[in-house]
Amino acid sequence: MRILVVEDETLVLFTLEAELTRAGFQVVMASDPAGARARLDEEGPDLCGLVVDLNLSAEETGFDVSRHARTVNPDIAVIYISGNDPSQWEDQGVKDSVFFAKPILSAEVAKALKACIG
């Protein structure tokens, strides 16, 4: 199970990578929207999940990245992580996605991914 993690905070990115790898996922990483789009364009059909921070840059959010992911792979599981109010997710998130408020527990993200993927 190959997933993409998009997070601009290095410590959070590597913590998620370690936990998700322990949970059996192959993790591909990006630290900004441009890198995420490149990975999705290159590997999107082979990815089963996306874990994406909402606050990536002033120009592009995790919502933008997730919408692009769903155009490349309509079946990709999407998990949002953010320190922001979850009402943004309710209004702008892609269908059948999951939201975790920061600080997150990486093990819970792994469990949610497995549940979404099936």
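Which residue is the bridge partner of V52 in β4? The partner is Y80. This report describes a predicted model, in which local features need pLDDT of at least 70, side-chain atom pairs count only at pLDDT 80 or more, and totals for chains, interfaces and linings use all residues. Residues are numbered from 1 along each chain as its sequence is written, and side-chain values use heavy atoms, with hydrogens and water left out.

**The sheet**

Helices (H or I, at least four residues) and strands (E, at least two) are DSSP runs, numbered from the N terminus. An open sheet is formed by five strands in the order β2-β1-β3-β4-β5, with parallel pairing. Two strands pair if DSSP finds at least two bridges between them. Strands of a sheet pair through backbone hydrogen bonds, either parallel or antiparallel. β2 (26-30) and β5 (98-101) stand at the edges with a single partner strand each, so one side of each has no neighbour in the sheet. From one strand to the next, the twist averages 20 degrees. Axes here are lines fitted to C-alpha atoms, for helices over the stretch in contact, and angles run from 0 to 180 degrees between N-to-C directions.

| Strand pair | Bridges | Residues opposite each other |
|---|---|---|
| β1 and β3, parallel | four | V6 and V52 |
| β4 and β5, parallel | four | I81 and F100 |

Strand β3 covers residues 49-53, and five of its five residues are buried, so the strand is largely enclosed by the rest of the structure. Buried means under 20% relative accessible area, exposed means over 50%, and partly exposed lies in between (1.4 Å probe, protein chains only). Both faces of β3 are covered: G49, V51 and D53 are buried on one side, and L50 and V52 on the other.

I3 belongs to strand β1 (residues 2-6). I3 has 0% relative accessibility and therefore counts as buried. Leaving aside residues up to four places away in sequence, I3 touches L20, F25, Q26, V27, V28, L47, C48, G49 and L113. Contact means heavy atoms within 4.5 Å.

A30 is in strand β2. With 7% relative accessibility, A30 also counts as buried. Its contacts, again without residues up to four places away in sequence, are L4, V5, V6, E7, L13, G35 and A36. A30 and N73 are 43 residues apart in sequence, and their C-alpha atoms are 17 Å apart in space.

Two packed helices are described by the angle between their axes and the distance between the axes. Helix α2 (residues 33-43) packs with helix α3 (residues 62-72) at an angle of about 10 degrees, and their axes are 10 Å apart. α2 and α3 are therefore roughly parallel to each other. Angles under 35 degrees count as roughly parallel, over 145 as roughly antiparallel, 65 to 115 as roughly perpendicular and the rest as oblique. On the α2 side the contact is made by P33, A36, R37, L40 and D41, and on the α3 side by D64, V65, H68, A69 and V72. By class, this contact has six nonpolar, one polar and three charged residues. Ala, Val, Leu, Ile, Met, Phe, Trp, Tyr, Cys and Pro count as nonpolar, Asp, Glu, Lys and Arg as charged, and the others, Gly among them, as polar.

Helix α5 (residues 106-117) lies across β1, β3, β4 and β5 and runs at about 155 degrees to β4.

**Backbone details in the loops**

The loop between α4 and β5 contains D96. D96 has a positive phi of about 60 degrees although it is not a glycine. The relative accessible area of D96 is 61%, so D96 is exposed. P103 lies in the loop between β5 and α5. The peptide bond from K102 to P103 is cis, with omega near 0 degrees.
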